[in-house]
Structures are given as C-alpha cells and as structure tokens.
Amino acid sequence: MTNLSLESIALVTGMAAFCFLAGLILFWKMPDSPARHWLLLFGIALLPGLALLFGSRAAIEKAKSPEFCGSCHVMDPFITDLKDPKSQTLASRHYQNRYILENQCYTCHTDYTVFGPVKAKLTGLRHLWNYETRNYRIPIKHRGPYNFENCLHCHGQAKIFLEKHDADVRKQLESKAVTCLDCHAPVHPEQKSAGKK
Amino acid sequence: MRVKTTPLKVSAGLMLTALALMLLCLTWFSPRTMALFLGLGLLCGGLSILLFLLYVIADLHSRRIL
C-alpha cells in the first residue's frame, strides 16, 4: 500500500466518519431502538476509530520524508546540504547518488531492530514536541551515540566494503572499538549559530 | 430508569473534534498540525471511545442486562 493510497483512504474514511457523525447529531432525538444503538456504535466508535487509525498511520508515513524533516527551520542547514552538489558530506552523497531511494533521514536514523521503527517514531514525536515548545538548543546534536550497525546493515556485505576493510577493521567495527566516522567524516555540516531558541 | 445522554453527547463532540483535527492535519500537513492531531486529536478520540463505552455499560446496567 503506497503512502498516497493510505492517505486517500484516511481522508475518505475521515470525511465519511465526520459527515456520518454530524448527521447523527442532527437526528439525535430519534426513538430508542436497536437500530439507533447500532447507528451510535457505528457512528461514534467504529467508523471514526477506523478513520483515526488510518489517519495516524498516514500522518506517520508522510512524516518520514526529508521534506517533512526540513519543515522545521532548525533542520534547514542539513536539508540544504543534502541537495548541495558541491557538498562532500556522507548524508549528501547518499542522498544525491540515491543510495537510499526515499525517506533518507528516517532510513539512517532508524535502528534495524524489532523496536527500531517504534523508537524512531517516538523520537520523532519528542522532536515535534520540543520544536513546538521551543525546547531545543542550536547547534542541533544527535542525542546519545549513533548506532553504526545501521551503516553496516547496507554496507556490511558490499563487495567494495569487504575489499577495502580487512578482517581486523571489520572486527573492530563489530566490537565498536572504532566507528565509521573515525575515517568517513563529516556526516552532516556543522550548524553555526549557538544558543537556546 | 434511562441513563442520561450527556456522556454520549460529549463523546460525539470529542470524536468530531478528533476527526476535524485529523482532516486538518492530512490536508495542511506541517509539524504543527501533526502535533495537534497526534497530541490533542488522538487524546480526544481515545476519551470519546472511553466515554462511549462507559455510556454503553451504564445503559446495559440500567436495562438489567449487565
């Protein structure tokens, strides 16, 4: 199911639920009968519940795009860098060479574990909250250590990676004695201004 | 004795608010509308379903079914 169709389904069910519920309120005084009970159950709980489920899923899917990440102005330098043809950062090279086809920010910032996507979505909600309440500091920094297993998930078995990284380096990477950024930096540009916004 | 319909009216109102916030979020997608929907909208939706369930239980109880 593509994002577009999920969004369309959410919009259609949302509008249908809204109209149905509004209509139900207009005919509020209809006589007490089993039909009224079923209408209330369908109009207040089942159809709107389903619409909200589709809606929240569609909103979360839509929020995975780099355009959405860039809609918070604090992310401007990172999004500009992604599209800058002169940039040599890891993020821009991955983006411009289409190493990752879509949802580039989300793909690198989500752990490949069972709860990785859930954790990423909760982190996203925290970012939304902090942005709206202006509770953040510039420069924006990655919270906690980055999980470099995310890089190895794609690169780990690549021919060029195996050729250029001998067994010793691979062992050090797996044991986290060294990280990818020890040799391949920077990943994003530096954010210049400082202070609390 | 019939149960008061006030919780049912509040439940319907809360659900209408939740749906309106969802439609607003999907139509004008931005961090602000998304925060509004996922924060306030889903809270309204959850409360609405809870109130509806309480109304149903009270109604069934008044009819001596529960």
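Lys176(A) is located in the loop between α10 and β2 of chain A; helices (H or I, at least four residues) and strands (E, at least two) are DSSP runs, numbered from the N terminus. Although Lys176(A) is not a glycine, its phi is positive, at about 65 degrees. Lys176(A) is exposed because 11 other C-beta atoms lie within 10 Å. A residue is called buried if 20 or more other C-beta atoms lie within 10 Å of its own, exposed if 12 or fewer, and partly exposed in between, with C-beta atoms placed from the backbone.

The model is predicted: local features need pLDDT of at least 70 and side-chain atom pairs count only at pLDDT 80 or more, while totals for chains, interfaces and linings use all residues. Residues are numbered from 1 along each chain as its sequence is written, and chains are lettered from A and ligands numbered from 1 in the order in which they are written.

The loop between α10 (167-174) and β2 (195-196) of chain A also holds Pro186(A). The peptide bond leading from Ala185(A) to Pro186(A) is cis, with omega near -5 degrees. Another cis peptide bond, with omega of about 5 degrees, joins Ile138(A) and Pro139(A). Pro139(A) belongs to the loop between β1 (137-138) and α8 (149-155) of chain A.

A positive phi occurs at Asn103(A) too, where the value is near 50 degrees in a residue other than glycine. Asn103(A) sits in the loop between α5 (90-96) and α6 of chain A. Is Asn103(A) exposed or partly exposed? Asn103(A) counts as partly exposed, because it has 18 C-beta neighbours inside 10 Å.

Helix α7 of chain A covers residues 116-132 and has 17 residues. From first C-alpha to last it reaches 24 Å, close to the 24 Å expected at 1.5 Å a residue; the expected span is 1.5 Å times one less than the number of residues. After α7(A) comes Arg134(A), with a positive phi near 55 degrees.

Two packed helices are described by the angle between their axes and the distance between the axes. For α7(A) and α2(B), the angle is about 115 degrees and the axes are 10 Å apart. Such axes are lines fitted to C-alpha atoms, for helices over the stretch in contact, and angles run from 0 to 180 degrees between N-to-C directions. Among the residues making this contact are Leu125(A) and Trp129(A) of α7(A), and Met34(B) and Leu38(B) of α2(B). Two residues are in contact if their C-beta atoms, placed from the backbone, lie within 7 Å.

Across the two chains, 24 residues of chain B are in contact with 30 residues of chain A. On the side of chain B that touches chain A, α1 and α2 of chain B each supply at least two residues.

The largest nonpolar core has 38 residues, and Leu19(B) and Met22(B) have the most contacts inside it. Such a core is a set of buried Ala, Val, Leu, Ile, Met, Phe, Trp, Tyr and Cys residues joined through C-beta atoms within 7 Å. Helix α1(B) gives the most to this core, with 12 residues. Leaving out residues up to four places away in sequence, Leu19(B) touches residues including Phe18(A), Leu21(A) and Pro48(A).

Leu24(A) lies in helix α1 of chain A. Leu24(A) is partly exposed because 18 other C-beta atoms lie within 10 Å. Apart from neighbours within four places in sequence, Leu24(A) contacts Leu39(A), Gly43(A) and Ala12(B).
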